[in-house]
Amino acid sequence: MKKQRTETAQKIHLAKIDANATPDFDGGKREGGEELQRLNKKLEALQELLYAEHKHRVLVVLQAMDTGGKDGVIRHVFEGVNPQGVRVASFKVPTTEELDHDYLWRVHKQVPGKGEIVIFNRSHYEDVLVVRVHELVPEEVWARRFDQINHFERMLAEEGVTILKFYLHIDQEEQKARLEARRDDPQKRWKFKPGDLKERALWDHYMQAYEAVLEKTHTSWAPWHVVPANKKWYRNLVIARIIIEALEKLNMAFPEADFDPGTIEIV
Ligand code: ADP
């Protein structure tokens, strides 16, 4: 893997991005799987360092259409990391208490503390995606949220949070195949919700909403990575690689002992 493997752009047409693509990786599924195993070990070591150093905070945001692979990323990319320092926060339909507050209230409570990686399985972006598509609030309300989100994320970044946002890009054909697999495979059926079909019918509306998100909230302090995600092995590989690169840039070190180890005798 050489250069950046993802698309990050100001003007974006998702239909033009090939969800089957595997840019900048020469091998196929087998080589990709082997590479991911190496990356898992690297991520495991970096996460231990992050936890030990207790200085930086890391926020990973995962957004996708239904069946896009958020759960798979959480399982495969973070395989082997120490659960003490990694947490998943899932954002579902807001509760009445959450709806009584501003939309960032429940989100802010879940941001990472020092030494922690938090993975957002869905996020505050639902408040400009599903909320927009289903007209849950008037346009004037959701339209101003892009700026609010950028400011919120900027504040987090200035306070030392590394923010990495991923849009897992599958196409409609792939979603059909994955929904059929959920319908037909007893081990996957628990994930099938008939309501997903209603959302699928709104595909174009969602794409329009996602394009607005990618254009308006792609910032230097919280960039989006559009990951071709039809091929699960490639999706995992790319995300692992980007997280590792970001962690390496933090130049972390294990804390120095505040005592002289030479003077300590263990009997
Ligand atoms: P997932 O699909 O993430 O595995 P669920 O099947 O429980 O989990 O779906 C969660 C649902 O909650 C999604 O349909 C999502 O659009 C919805 N949701 C999340 N945040 C909001 C929000 N702020 N307003 C309305 N719906 C939301």
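Visitor: Is Thr67 buried or exposed?
Guide: Thr67 is buried, because its relative accessible area is 7%, and the cut-off for buried is under 20%. Keep in mind that this is a predicted model.

Visitor: Where is Thr67 found?
Guide: In the loop between β1 and α2.

Visitor: And what is the phi of Thr67?
Guide: Phi of Thr67 is near 70 degrees. That is a positive value in a residue other than glycine.

Visitor: Why point that out?
Guide: Because most residues other than glycine have a negative phi.

Visitor: Which other residue has a positive phi although it is not a glycine?
Guide: Asn251 is one, with a phi of about 45 degrees. Asn251 lies in the segment after α11, which spans 232-249.

Visitor: Buried or exposed, that Asn251?
Guide: Exposed, since the relative accessible area of Asn251 is 65% and exposed means over 50%.

Visitor: OK, ligand next. How many residues surround the ligand?
Guide: 14 residues surround the ligand. The closest are Lys70, Lys92, Arg122, Glu126 and Lys193.

Visitor: How do the residues of the shell divide?
Guide: Six are nonpolar and eight are charged.

Visitor: What distance separates Arg122 from the ligand?
Guide: A polar side-chain atom of Arg122 sits 2.6 Å from an oxygen atom of the ligand. For Lys193, a polar side-chain atom is 2.9 Å from a ligand oxygen atom. In the side chain of Glu126, an N or O atom is 3.0 Å from an oxygen atom of the ligand.

Visitor: How much of the ligand's accessible area does the protein cover?
Guide: The protein covers 79%. On its own, the ligand has 570 Å² of accessible area.

Visitor: Back to Arg122. Which residue does Arg122 form a salt bridge with?
Guide: With Asp66. The closest N and O atoms are 3.0 Å apart.

Visitor: Where do the two partners sit in the chain?
Guide: Arg122 is in the loop between β3 (117-121) and α5. Asp66 is in the loop between β1 (57-64) and α2 (70-77). The two are 56 residues apart, so the pair links distant parts of the chain.

Visitor: What is the relative accessibility of Arg122?
Guide: Arg122 is at 22%, so it counts as partly exposed. Asp66 is buried, with a relative accessible area of 16%.

Visitor: How many salt bridges does the count come to?
Guide: The count comes to 18 salt bridges.

Visitor: How do Glu180 and Lys176 count for accessibility?
Guide: Glu180 is partly exposed at 31% relative accessible area. Lys176 counts as partly exposed too, at 43%.

Visitor: What about Arg183 and Asp184?
Guide: The side chains of Arg183 and Asp184 meet in a salt bridge, 2.8 Å from N to O. Arg183 is partly exposed, with a relative accessible area of 46%. Asp184 counts as partly exposed at 45%.

Visitor: New topic, Val133. Where is its place?
Guide: Val133 is in helix α5, residues 130-133. Val133 is buried, with a relative accessible area of 15%.

Visitor: Which residues does Val133 touch?
Guide: Val133 touches Leu202, His205, Tyr206 and Ala209, leaving out residues up to four places away in sequence.

Visitor: And what separates Val133 from Val81?
Guide: Their C-alpha atoms are separated by 36 Å. Along the chain, Val133 and Val81 are 52 residues apart.

Visitor: Last one. Is Tyr234 buried or exposed?
Guide: Tyr234 is buried, with a relative accessible area of 0%. Its place is in helix α11.

Visitor: How far apart in space are Tyr234 and Thr95?
Guide: 35 Å, C-alpha to C-alpha. In sequence, Tyr234 and Thr95 are 139 residues apart.

Technical notes: Residues numbered from 1 in each chain as written. Predicted model: local features only at pLDDT ≥ 70, side-chain atom pairs only at ≥ 80, totals over all residues. Heavy atoms only, no water. Near = heavy atom within 4 Å. Polar contact = N/O pair within 3.5 Å; in protein donor to acceptor, adjacent residues only side chain to side chain. Areas by Shrake-Rupley, 256 points an atom, 1.4 Å probe, with all protein chains shown as cover. Nonpolar A, V, L, I, M, F, W, Y, C, P; charged D, E, K, R; others polar. Helix = DSSP H or I, 4+ residues; strand = E, 2+ residues; numbered from the N terminus. Buried < 20%, exposed > 50% of the residue type's maximum accessible area, 1.4 Å probe, protein only. Contact = heavy atoms within 4.5 Å. Salt bridge = Lys/Arg side-chain N within 4 Å of Asp/Glu carboxyl O.
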